[in-house]
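Let's take a look at how two protein chains sit together, and then zoom in on one residue.

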Amino acid sequence: MMPTNSSAEFRAGAMAILPAAVAVIPFGLLLGARSVEKGLSTAEIFLMCATVFAGSAQFVVIDLWSQPAPWAFIALTTLLINIRHVLMGASLAGKLGGFSSPGKPVAVSFMADEIWAMAERRALEARLTPAYYAGLAGVLYVNWLVWNMAGVVLGTAIADPESLGFDFAFTAIFIGLLTGFWRGTQTAWVLVASSAAAVVVKYAVEGPWYIMAGGHAGVMVAILVWRSGDDAGKAHVA
Amino acid sequence: MNIDPATFLAIVAMAVITWLTRVSGLWLVRFVPKGGRGAAALEAVPAAVLMSVIAPMVFMTGVPESLAAAITLLVALRLPLIAAVFAGVGSVVMLRMLLG
């Protein structure tokens, strides 16, 4: 691949992730500040953001944190929240044809929800390149570290994601991305099944089980409503 | 640079578990049949996961959030993503003031 081509791809990825990067700012500030309140040192907070890089898991875990850290409980909670990554990675795997063998595990190591969703969306219309993915991941990763550290310094007073509707920004981004994955009536069944399962489980069970329940329900329904001949005319870049 | 041993252990456990969930899909997908129902299952993942993540906000939070989600969807069907995000965030702020 030509270097100029790569830098254009990198920039396109960086631009695509920009709305999500802006939306994450108050969450980074809030998480950094809350982590300080829970007694974590700056070095510990940086280490967590840099090695875990999973906002929803970090938020839940920080709320549960006590000193000394209940590490087994924290590990189990993290697994529960992040188990959705297994489905996401399996889906993304088929779109990493442009990546080297070591490049694939490196790429999915940065698979935050927003990066994954943008990469899936890109694969609908073009071949997903490592440079584009690096643009997505690089911007969101550095952004996450910077705003968490800013939250450590600035404290809790400054950031309330709800006050400016930032808490809705990710919902809006994901609704916008969802429209790209429409495949006709089978998608309608998937959405109905996922919504119903997620709502019922969220209502009935404490904790983040609803994501896995909704994800599995949608996939199960897709398997059930599949008819031979559905594959015709679908040009997926593998 | 002070790092408490129990905290360090917890963070490392979080990092390792998160990483394993992220890479395991690459390996597990080898056992999914190519084409047919296997392909249909994988193809449904983005819509299924995204819908599940947003379902509580869209359906269970309140009238402002549900209305804003509908507005976001209508805008997203016609305009670029960034316009849909602005429309969604703008409408949720206004609707919360009006209805909340």
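Predicted model: local features only at pLDDT ≥ 70, side-chain atom pairs only at ≥ 80, totals over all residues.

If you'd rather count residues, 64 from chain B are in contact with 83 from chain A.

## Polar links across the interface

There are 15 residue pairs in polar contact across the interface of chain B and chain A. The two chains also share two salt bridges. Glu43(B) makes a salt bridge with Arg183(A), and their closest N and O atoms are 3.7 Å apart.

## What chain B brings to the meeting

Which elements give two or more residues to the side of chain B that touches chain A? They are helix H1 (5–28), helix H2 (36–60), helix H3 (63–78) and helix H4 (81–99) of chain B. H2(B) gives the largest share, with 23 residues.

Sort that side of chain B by class and you get 47 nonpolar, eleven polar and six charged residues.

## A stop at Thr129(A)

Now over to chain A, where Thr129(A) sits in the loop between helix H8 (113–125) and helix H9 (130–154). Is Thr129(A) buried or exposed? Thr129(A) counts as buried because its relative accessibility is 10%, and buried means under 20%. The side chain of Thr129(A) also makes a polar contact of 2.4 Å with the side chain of Glu9(A).

Notes. Residues numbered from 1 in each chain as written. Chains lettered and ligands numbered in written order. Heavy atoms only, no water. Helix = DSSP H or I, 4+ residues; strand = E, 2+ residues; numbered from the N terminus. Buried < 20%, exposed > 50% of the residue type's maximum accessible area, 1.4 Å probe, protein only. Polar contact = N/O pair within 3.5 Å; in protein donor to acceptor, adjacent residues only side chain to side chain. Contact = heavy atoms within 4.5 Å. Salt bridge = Lys/Arg side-chain N within 4 Å of Asp/Glu carboxyl O. Nonpolar A, V, L, I, M, F, W, Y, C, P; charged D, E, K, R; others polar.
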